Amino acid sequence: MVSLRRFKNKGSYPFLNKIIHSLYNSFYYLEKNQQLLQNNYLVIKYEYILTDPKDTIKRIARFSNLSMDNNLLVSTSLDEPWSGNSTTNQKFESVSAKQINNWKGEIQNIEITMINKLFPFTLKKYEYEYLESQSPYKKVSDERFKVYIKNRLYRYLRGLAMWLLR
């Protein structure tokens with residue numbers, strides 16, 4: 001949620017509807033693909049790549065019937081050396097878990113509330129921690145008034161729609 005918001009941010013806090021739709025579609029197709037493809041579909045959490053890249057790459061290679069080669073552990077992009085996984089332009093020698101929890105300092109109360117209400121199944125299934133929202137009505141510092149109203153109405157209406165569909 002935080003990385004999508006940062007990507008969509010155009011100078012002020014965005015209306016979250018497109019970000020929520022993007023997350024919903026990703027999680028929907030993740031589940032649908034697992035059901036349809038069963039043993040031919042491997043789910044790897046991003047955190048595994050960061051915290052244990054060698055074993056994760058080995059697991060992917062085994063699943064894909066590829067022989068494990070040390071070249072699989074070399075970070076490249078279009079055959080050029082890649083300096084890591086930083087979204088903050090910080091250079092790394094390789095994939096790093098150094099910033100794995102930075103999102104916790106950037107996530108907003110409204111985002112926590114939306115994630116908890118709309119994606120409890122995903123949080124539980126993939127063993128993500130449930131965060132408590134202090135106040136979903138607290139305005140985000142760079143959130144314009146119009147966007148504030150739209151985000152809070154969207155949160156309410158989306159939650160109501162999910163409840164009615166149960």
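Here is a walk through the structure, from the overall fold to a few side chains. Keep in mind that this is a predicted model.

Start with the layout. The protein chain has seven helices and two strands, and read along the sequence they come in the order α-α-α-α-β-β-α-α-α. Of the 166 residues in the chain, 28% are buried. If you take the contacts with a separation of 6 or more, 54% of them are between residues 24 or more positions apart. As for the surface, the chain exposes about 11900 Å², with carbon and sulfur atoms supplying 54% of that area.

Now go to helix 5, residues 109-118. Nine of its ten residues are buried, so this helix is largely enclosed by the rest of the structure. The buried ones are Asn109, Ile110, Glu111, Ile112, Thr113, Met114, Ile115, Asn116 and Leu118, a list that includes Asn, Glu and Thr along with the Ile, Met and Leu residues.

Some of these names come back in the largest nonpolar core. That core has 14 residues, and those touching the most other members are Met1, Leu16, Ile20, Leu23, Ile110, Met114 and Ile115. Helix 2 and helix 5 are the elements that give two or more residues to this core, and helix 5 gives the most, with four. Leu16 is a handy place to look at how the core is joined up. Setting aside neighbours within four places in sequence, Leu16 is in contact with Met1, Ile110, Glu111, Met114 and Asn151.

Just after the helix, Gln38 takes a positive phi of about 40 degrees.

Tyr154 lies in helix 7, residues 145-165, and counts as buried because its relative accessibility is 13%, under the 20% cut-off.

Back in helix 2, follow the tyrosines. The structure holds four aromatic pairs. In one of them, the rings of Tyr24 and Tyr28 have centres 6.2 Å apart and planes at 20 degrees, so this pair is stacked. What sets up the spacing? Both residues lie in helix 2 (residues 17-37), four residues apart, about one turn of the helix. An α-helix has 3.6 residues a turn, so residues three or four places apart point the same way. Tyr28 also pairs with Tyr29, this time edge-to-face, at 4.9 Å centre to centre and with 90 degrees between the planes. Together, ring pairs link Tyr24, Tyr28 and Tyr29 into a cluster. How accessible are they? Tyr24 is partly exposed at 33% relative accessibility, Tyr28 is partly exposed at 35%, and Tyr29 is partly exposed with a relative accessible area of 47%.

Lys45 lies over the face of Tyr128, 4.3 Å from the ring centre. The charged end of Lys150 sits over the ring of Phe15, 4.7 Å from its centre.

Notes
Residues are numbered from 1 along each chain as its sequence is written. This is a predicted model: local features need pLDDT of at least 70, side-chain atom pairs count only at pLDDT 80 or more; totals for chains, interfaces and linings use all residues. Side-chain values use heavy atoms; hydrogens and water are left out. Buried means under 20% relative accessible area, exposed over 50%, partly exposed in between (1.4 Å probe, protein chains only). Rings of Phe, Tyr and Trp (its six-membered ring) pair if their centres lie within 6.5 Å; planes under 30 degrees apart count as stacked, over 60 as edge-to-face and the rest as tilted. A charge sits over a ring if NZ of Lys or CZ of Arg is within 6 Å of the ring centre and within 35 degrees of the ring normal. A nonpolar core is a set of buried Ala, Val, Leu, Ile, Met, Phe, Trp, Tyr and Cys residues joined through side-chain atoms within 4.5 Å. Contact means heavy atoms within 4.5 Å. Accessible areas come from the Shrake-Rupley method with a 1.4 Å probe; for residues, only the protein chains shown count as cover.
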